[in-house]
Amino acid sequence: MLRKVLGGIAGFVTTFATIMLVQALGHAIYPPPELDLSDPSGHSAFLESLTVGALAFVLLAYFAGAFLGPFVAKWLSGGSGKPYAFLLGGFVLAGTLFTVYQIPHPPWFVVAAVIGIPVAAWFGAKLGPNRVSTVAP
């Protein structure tokens with residue numbers, strides 16, 4: 001039981017660390033413009049100024065986090081990865097939908113996120129190894 005809980009925590013940390021790292025890479029390649037984001041109208045202006053490549057990096061970050069979190073959780077905890085895919089993929093999807101609700105995004109982004117995040121989480125749980133071997137072969 002402890003192994004499953006710790007695997008879930010590691011998956012959670014992996015999910016959001018991956019999202020932050022990939023988005024940081026995206027910001028390095030596509031530097032964000034200087035805008036005042038404390039004003040809600042600044043958010044819309046910020047999104048309108050982003051290129052397709054910058055938004056694609058955001059999607060890549062969400063997909064990578066949704067994939068790697070369940071992958072790591074299943075790998076470290078063993079057993080089925082389905083609960084981790086539902087939980088961690090659900091967190092990423094819920095956060096994405098909340099962001100899209102707060103700040104209007106292009107329709108292609110919303111469709112890609114709603115379809116791609118659950119698929120990435122499912123593949124992460126499916127492809128993750130069953131457990132870490134503590135015994136050398």
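Modeller: In this predicted model, α1 packs on helix α4 (residues 82–102) at an angle of about 30 degrees, the axes being 11 Å apart. Axes here are lines fitted to C-alpha atoms, for helices over the stretch in contact, and angles run from 0 to 180 degrees between N-to-C directions. Helices are DSSP runs of H or I with at least four residues, strands are runs of E with at least two, and both are numbered from the N terminus. The model is predicted, so local features need pLDDT of at least 70 and side-chain atom pairs count only at pLDDT 80 or more, while totals for chains, interfaces and linings use all residues. Residues are numbered from 1 along each chain as its sequence is written, and side-chain values use heavy atoms, with hydrogens and water left out.

Biologist: Is α1 roughly parallel or roughly antiparallel to α4?

Modeller: Angles under 35 degrees count as roughly parallel, over 145 as roughly antiparallel, 65 to 115 as roughly perpendicular and the rest as oblique. The angle between α1 and α4 is about 30 degrees. The relation of α1 to α4 is therefore roughly parallel.

Biologist: Which residues of α4 make the contact with α1?

Modeller: Contact means heavy atoms within 4.5 Å. From α1, the contact is made by Lys-4, Gly-8, Gly-11, Phe-12, Thr-15, Phe-16 and Ile-19. Their counterparts in α4 are Tyr-84, Leu-88, Phe-91 and Val-92.

Biologist: Why does Thr-15 count as buried?

Modeller: Thr-15 lies in helix α1 (residues 2–29). Buried means under 20% relative accessible area, exposed over 50%, and partly exposed in between, with a 1.4 Å probe and protein chains only. Thr-15 counts as buried because its relative accessibility is 0%.

Biologist: At what distance does the side chain of Thr-15 reach the backbone oxygen of Gly-65?

Modeller: Leaving aside residues up to four places away in sequence, Thr-15 touches Gly-65, Gly-69, Pro-70, Leu-88 and Val-92. For Gly-65, the side chain of Thr-15 reaches the backbone oxygen at 3.4 Å.

Biologist: What separates the C-alpha atoms of Gly-11 and Gly-69?

Modeller: Gly-11, also in helix α1, is buried at 0% relative accessibility. Gly-69 is among the residues that Gly-11 touches, together with Val-72, Ala-73 and Leu-88, when residues up to four places away in sequence are not counted. Gly-11 and Gly-69 are 58 residues apart along the chain, and their C-alpha atoms are separated by 4.1 Å.

Biologist: Which residues does Thr-14 touch, not counting residues up to four places away in sequence?

Modeller: Thr-14 is placed in helix α1 and counts as buried at 19% relative accessibility. With residues up to four places away in sequence not counted, Thr-14 touches Leu-68, Gly-69 and Val-72.

Biologist: Are α3 and α4 roughly parallel or roughly antiparallel to each other?

Modeller: Helix α3 (residues 52–77) packs on α4 with the axes 9 Å apart and an angle of about 155 degrees. Residues meeting there include Gly-69, Pro-70 and Ala-73 in α3 and Leu-88 and Val-92 in α4. α3 and α4 are therefore roughly antiparallel.

Biologist: How many helices does the protein chain have?

Modeller: From the N terminus on, the elements run α-α-α-α-α. The protein chain has 0 strands, and its helices come to 5.

Key. A polar contact is a pair of N or O atoms within 3.5 Å; within protein, one must be able to donate a hydrogen and the other to accept it, and residues adjacent in sequence count only if both atoms are side-chain atoms.
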